[in-house]
Amino acid sequence: MSKVYVPGNPYVKLNFKLLEELEKGEKGLGAQSISYGLSNQDDITMTYWNGTILGPPHLTHENRIYSLSIVCGNDYPDQPPDVTFVSKINLPCVNSEGKVVISEFDTLKNWKRTYTMETVLLELRKAMALASNKKLPQPAEGSTY
């Protein structure tokens, strides 16, 4: 993985893949149904991110905006990020605390270093629209974990 040390701070490494994702997310160059960006613009390690998914149309998720927390650890992109819904949602791959369970979500379970946060958010949106999930009763809109 390409990493470079930040001048003046030998403990911080920049991850070029995260820099690319940040640029794409900030410029809104990805899918219009999702968005993502740093939780704190001062996070020079680019560890903590926010994500948003617009619920797919014609389902119980229609017109809902789901907020997520994404944590990219030191081993990202070799290892998947930790993804947690802030907005309550009823999906088989999400536990009672809102965390996306790696073993229950193929994108994280079969992680490839070419995947991105955009990949994860789009695949979660697709999971909402699966025939087995699209009619699941959902928590009240606006409720959070």
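Gly28 follows helix 1 and has a positive phi, near 65°. Helices (H or I, at least four residues) and strands (E, at least two) are DSSP runs, numbered from the N terminus.

The model is predicted, with local features needing pLDDT of at least 70 and side-chain atom pairs counting only at pLDDT 80 or more, while totals for chains, interfaces and linings use all residues. Residues are numbered from 1 along each chain as its sequence is written, and side-chain values use heavy atoms, with hydrogens and water left out.

An open sheet is formed by four strands in the order 3-4-5-6, with antiparallel pairing; two strands pair if DSSP finds at least two bridges between them. At the edges are strand 3 (34-38) and strand 6 (82-85), each of which pairs on one side only. On average, neighbouring strands of the sheet are turned by 20° against each other, direction ignored. Axes are lines fitted to C-alpha atoms, for helices over the stretch in contact, and angles run from 0 to 180 degrees between N-to-C directions.

Strand 3 and strand 4 run antiparallel and are joined by five bridges; here Gly37 stands opposite Asn50 in strand 4. Between strand 4 and strand 5 there are seven bridges, also in the antiparallel sense, and Leu54 has Ile65 of strand 5 as its bridge partner. Strand 5 (residues 65-71) pairs with strand 6 over four bridges, again antiparallel. In that pairing Leu68 faces Phe85 of strand 6, and Val71 stands opposite Asp82 of strand 6.

In a regular strand the side chains alternate between the two faces of the sheet. For strand 5, the covered face consists of Tyr66, Leu68 and Ile70, and the uncovered face of Ile65, Ser67, Ser69 and Val71. Strand 3 is largely enclosed by the rest of the structure, because four of its five residues are buried. Buried means under 20% relative accessible area, exposed over 50%, and partly exposed in between (1.4 Å probe, protein chains only).

## Helices

Helix 1 (residues 16-27) lies across strand 3 and strand 4 (48-54) and runs at about 125° to strand 3. From first to last C-alpha its twelve residues reach 17 Å, close to the 16 Å expected at 1.5 Å a residue; the expected span is 1.5 Å times one less than the number of residues. Buried in helix 1 are Lys17, Leu18, Glu21, Leu22 and Gly25. They cover an arc of only 135° around the axis, so they lie on the same side of helix 1; the arc is that of the directions from the helix axis to the C-beta atoms. The face turned away from this buried side carries the exposed residues Glu20, Glu26 and Lys27.

Helix 3 (residues 117-129) packs on the sheet, where it touches strand 3, strand 4, strand 5 and strand 6, and its direction makes about 35° with that of strand 4. The 13 residues of helix 3 reach 19 Å between the first and last C-alpha, close to the 18 Å expected. Its buried residues are Met117, Glu118, Val120, Leu121, Leu124, Ala127 and Met128. Among the elements covering them are helix 1 and helix 2 as well as strand 3, strand 4, strand 5 and strand 6.

Thr107 belongs to helix 2 (residues 106-109). Apart from neighbours within four places in sequence, Thr107 is in contact (heavy atoms within 4.5 Å) with Tyr115, Thr119, Val120 and Glu123.

## Loops and cysteines

The loop between strand 3 and strand 4 contains Met46, a residue other than glycine with a positive phi, near 55°. Asn63, in the loop between strand 4 and strand 5, is not a glycine either and has a positive phi of about 65°. Pro77 sits in the loop between strand 5 and strand 6, and the peptide bond from Tyr76 to Pro77 is cis, with omega near 10°.

Zero disulfides are found in the whole structure; a disulfide is a pair of cysteine sulfur atoms within 2.5 Å. The sulfur of Cys93 has its closest cysteine sulfur in Cys72, 17 Å away, which is too far for a bond.

Accessibility of selected residues:

| Residue | Relative accessible area | Class |
|---|---|---|
| Met46 | 3% | buried |
| Asn63 | 66% | exposed |
| Cys72 | 2% | buried |
| Cys93 | 5% | buried |
| Thr107 | 8% | buried |
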